[in-house]
Amino acid sequence: MAAYAQFAKMNGLGNEIIVADMRGRADRITADAAIALDRDPATKFDQIMAIHSARTGGTEAYIEIINSDGSQAQACGNGMRCVVQALSSETGKREFTFETIAGILTAQEHPDGQISVDMGTPRFDWQDIPLAEPFHDTRRIELQIGPIDAPVLHSPSVANMGNPHAIFWVDQDVWTYDLERFGPLLENHPIFPERANISIAQVTSRNAITLRTWERGAGLTKACGSAACAAGVSAARTGRTERVVTVTVPGGPLLIEWLENDHVIMTGPAEWEFSGSLNPATGAWHRDEAKSSQGAA
């Protein structure tokens, strides 16, 4: 087996993604390799989308999702769009079915280059998110940051869109909140036994939301597809918006559609940056164009 695996450095609205081709291999990208890749400015990423050979009939591949701290993620909508673009360029196909740890996902590339991913169905029961204690109405739970009599953030909606999400609704510009300070505290709050993605959301119309996200295992991100989906369904569920919304994240807009069959469709772009080869065990890599080693093991 060759030591190195091909990869593409990509992004989905600024959500930094590494798509690694692990098909036909028995090994996996290690946590140490992920951490090493994230430390290198050229390959710094939010998620690695590792494409493994299909494990289930009717699917093109099994996708393992790895955060920049080496932990596993259950879902990454922006990363899935990057996978679709990479495989569409390779095969000419436009429609795909993938397996992830969170279940089966379908996706398609449109003629205009936009990519839609069926992110599955949201879960709202407290034990499915999961939360550490029962909340019978997860549209609004008791959680706050700041003084008891004047909290900075409070009463988030919570949902599972493959990953656990907490969405704090605010009336001011989302950039006025110190998410870099509050994000780690809330991500690791005891109420979230599996940690959580933390978002600040401002509803600007019945069909528009502005969103910033602290991503579990990755930190501040320019875009988080599953968070955009969680915000979209939670906004509709709480009566703030309709079921079709444009969610604007720091990297740009995503179209989120909560269909009548309960599935959530996310549509947006993907962008290729460069390709190379990486060592799944160590994170050593080299860029294809330069043909010179970097991050030597």
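**Pocket.** I looked up the largest pocket of this predicted model and found 16 residues lining it. Phe-7, Ala-8, Val-19, Ala-86 and Glu-90 lie nearest its centre. I noted the rule: on a 1 Å grid over the protein atoms alone, a pocket is an open set of points with protein on both sides within 12 Å along at least five of seven lines, and a lining residue has an atom within 4 Å of a point. The volume is about 250 Å³, taken as the space filled by probe spheres set on the points, with a probe of 1.4 Å.

I then asked which elements supply the lining. Strand E1 (5-12), strand E2 (15-21), helix H2 (77-91) and strand E19 (271-278) each give at least two residues. H2 gives the most, with five. Helices (H or I, at least four residues) and strands (E, at least two) are DSSP runs, numbered from the N terminus. By class, I read nine nonpolar, four polar and three charged residues in the lining. Here Asp, Glu, Lys and Arg count as charged; Ala, Val, Leu, Ile, Met, Phe, Trp, Tyr, Cys and Pro count as nonpolar; the others, Gly among them, are polar.

**Ground rules.** Residues are numbered from 1 along each chain as its sequence is written. Local features need pLDDT of at least 70 and side-chain atom pairs 80 or more, while totals for chains, interfaces and linings use all residues, and side-chain values use heavy atoms, without hydrogens and water.

**Domains.** I checked the domain assignment, which is automatic or from a database. It gives domain 1 (5-120 + 270-287) and domain 2 (126-262). Their C-alpha centres lie 24 Å apart. About 1,400 Å² is buried between the domains, and carbon and sulfur atoms give 44% of that. Buried area is the accessible area (1.4 Å probe) that two parts lose on being put together, summed over both. In domain 1, Leu-13, Gln-74 and Met-119 lose the most area to domain 2, together 36% of what that side buries.

**Leu-13 again.** Leu-13 sits in the loop between E1 and E2. Its phi is positive, about 55°, although it is not a glycine.

**Salt bridges.** I counted 15 (a side-chain nitrogen of Lys or Arg within 4 Å of a carboxyl oxygen of Asp or Glu). One salt bridge is counted between domain 1 and domain 2. Why did I mark Glu-273 and Lys-9? Their closest N and O atoms are 3.2 Å apart. Glu-273 lies in E19 and Lys-9 in E1, so the pair ties together parts 264 residues apart in sequence.

**Cis bond.** Ile-129 and Pro-130 are joined by a cis peptide bond, with omega about -10°.
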